[in-house]
Amino acid sequence: MLEARNIGLTLGGRPALTDVDLSLSSGEITAFVGPNGAGKSSLLNCLAGSLRPDRGSAFLDGAPVLNIGAEELARRRAVLEQEPVSQAPFTVAELAELSTPIDVSPVDASRLRHNAIVAVGLSDLSDRSILTLSGGERHRAHMARALTQLAAGELTSGTPGWLLLDEPTSSLDPRHQLTILTAAKRATIAGSGVLIVSHDLTLAANMADRIALMRDGRVVAFGAPSEILTESVLEDVYETKMQINRLAQGDWAVGPCYS
Amino acid sequence: MAQAVNPDGLTVRRGSHRLTFLALAAVLVGLGLAALALGPVAISPDRVIATLFGAGDGVESAIILQIRLPRLLLGIAVGTALALAGASLQGVLRNPLADPGLIGVSAGATVGAVLVIVVGERFGAGLPDALRPWLLPGAAFLGAGVVIAFVFALARRGGETSVATLILAGVAVNTVAGAIVGVMVYISDDQQLRDLTFWTLGALSASSLQTTLIASAIALLTVPAFIRGTRALDLFQLGERAAFHSGLNVERAKVVVALATAVSVGAVTAAAGPIGFIGLVAPHLARMIVGPSHAFILPTAVMLGVALILAADLAVRLAVPPAEPPIGLATSIIGGPFFLWLLIRNRGRLHA
């Protein structure tokens, strides 16, 4: 279980998170949605241990994440950053293996990297320098890195881990959005917990088991999509006219009203 | 699966580096032999080898064992220290413009050493004899340590380190250090002045045998600290936050690099003076040859750094005999334009 208990955070004089209490369960996809500046990424980084809240704490299986060392933490959760930076000309294969703990054997590491690269659809480009890739391809290469780290951590610790994804699909075409989400879904089936920060309400409604709707640093609603998604709640949060449609095959279509 | 991931994607690169290492090692052996053989008195390679095995005559032994061998050892230590410090700083900061000289670390070490030479006698006289040889490298380490702590603290902003600020801080530190050295030159007597002259541009032959041996030993002892950090340096390429997410204790890794840099650059500067640009040029060439993985960059940079130092030392030794211009003159003639070229190539990235 990954929990936020009474988390408060001020960034640059502005309250970024206020009284956040939240429990994420393993084996599920949880989505954080909400307007720009709602605190989604800040909360993800608090849960990941890379941001220290001013009040409250994040807990991983009952232990405060800030008390867990960086190396141990990396075995139990992998993170895809919102804007991965790397100006070094690693190949896709080298990048994918970069975050793997050192005690994983080369044979295991290479197998896990291989699986991750296949899962993000970059098999053909595995020997290419990431600097020669498009933005979306590079993002998928970093996703392969996070997937490899997750699998390697689960292999060495023997327990399912957490995959924290900060806007994993925003630079991707529809087909590859689905590729990434399928990989995330597969991780939950294997027992891992997945957190996705996204602006894509349709994606969240269709893929997430639970949605945390955030606004001004607070979680204003938390539950299954069918429980919390109503046009009036969304209009309140986004201050914009919104529409929710269930399509014939059962898919959700959620977004602003254009006309 | 229609296309499999090439399982040898990583090993192919590793294999091709073996040739690079062998070629560089051959160059180094050649330069090392030349460093022992060439100079005002030329000694043939077979006599050099004979002398190394104890079969040389009195003159050959004196020249090779007491003058050229310590000089070669110091050259190896200087090239190693500057290359490792430069490669590690560039790795931590994700910027090819970082260099122990440019950010003022060498200047800090110089000030420490110059203070010891000019005013240290008064304090050094009270020290037990066993400690006195350590005064110079100790002071150089302190100077280097103070500067690196200062510029890193100054350049820290919002969890990342600004390289533009770091280099500007280095400019300021270099100016202040130049002024302090100037004052020391002004108040020093004739003997001290002779000791000081090489501090402006460095030399491999100006220190006592004892200082040379101590400094080389200290510098070479820091090598494992740098080499153990290769994975950390790779992870730094992802940015500091992602490096932490990947399991790196970022702050500790930075302190290790800063400390190892202060110790090794302090030590070699104490013995050889501030030798510029090797820490900039060697890692950059290494990156161009072996790619982005620091497990290959560091050893390659060391070999290139040592090769550049030995070549520069040979150049100044042979240029206008029997006079010997400072070695820093040679490294700066190559390094200065190289730095300018790097600046032009990286204009956009300095602001990052």
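Is B:F338 buried or exposed? Some notes on that and a few other spots follow.

1. First, keep in mind that this is a predicted model. To the opening question: B:F338 counts as buried, because its relative accessibility is 13% and the cut-off for buried is under 20%.

2. B:F338 also has an aromatic partner. A search of the whole structure, over all chains, turns up one aromatic pair. It is made by B:F338 and B:W341, whose ring centres are 5.5 Å apart with the planes at 45°, so we call the pair tilted. If you wonder about those two values, a pair of aromatic rings is described by the distance of the centres and the angle of the planes.

3. Where do these two sit along the chain? B:F338 and B:W341 both belong to helix 15 of chain B (residues 327–345), three residues apart, so about one helical turn separates them. An α-helix has 3.6 residues a turn, so residues three or four places apart point the same way. As for cover, B:W341 is partly exposed, with a relative accessible area of 35%.

4. Now zoom out to chain B as a whole. Its secondary structure comes to 15 helices and two strands. The C-alpha trace of chain B spans about 75 × 50 × 40 Å along its principal axes, and 54% of the 352 residues count as buried.

5. B:V29, B:L33, B:I49, B:L52, B:F53, B:L65 and B:L69 make a nonpolar surface patch of about 620 Å². Helix 1 (9–37), helix 2 (45–52) and helix 3 (58–93) of chain B each bring at least two residues to this patch.

6. Over in chain A, check helix 1 (residues 40–48). Eight of its nine residues are buried, so this helix is largely enclosed by the rest of the structure. Among the buried ones are A:L43, A:L44, A:C46 and A:L47, and A:K40 and A:N45 are on the list as well. Just after this helix comes A:G49, with a positive phi of about 90°.

7. One last thing in chain A: A:R5 lies over the face of A:F59, 3.8 Å from the ring centre.

Methods. Residues numbered from 1 in each chain as written. Chains lettered and ligands numbered in written order. Predicted model: local features only at pLDDT ≥ 70, side-chain atom pairs only at ≥ 80, totals over all residues. Heavy atoms only, no water. Phe/Tyr/Trp six-rings, centres within 6.5 Å; stacked < 30°, edge-to-face > 60°. Helix = DSSP H or I, 4+ residues; strand = E, 2+ residues; numbered from the N terminus. Buried < 20%, exposed > 50% of the residue type's maximum accessible area, 1.4 Å probe, protein only. Lys NZ or Arg CZ within 6 Å of the ring centre and 35° of its normal. Patch = residues over 30% accessible without salt bridge, like charges linked within 9 Å, V, L, I, M, F, W, Y side chains within 5 Å. Areas by Shrake-Rupley, 256 points an atom, 1.4 Å probe, with all protein chains shown as cover. Salt bridge = Lys/Arg side-chain N within 4 Å of Asp/Glu carboxyl O.
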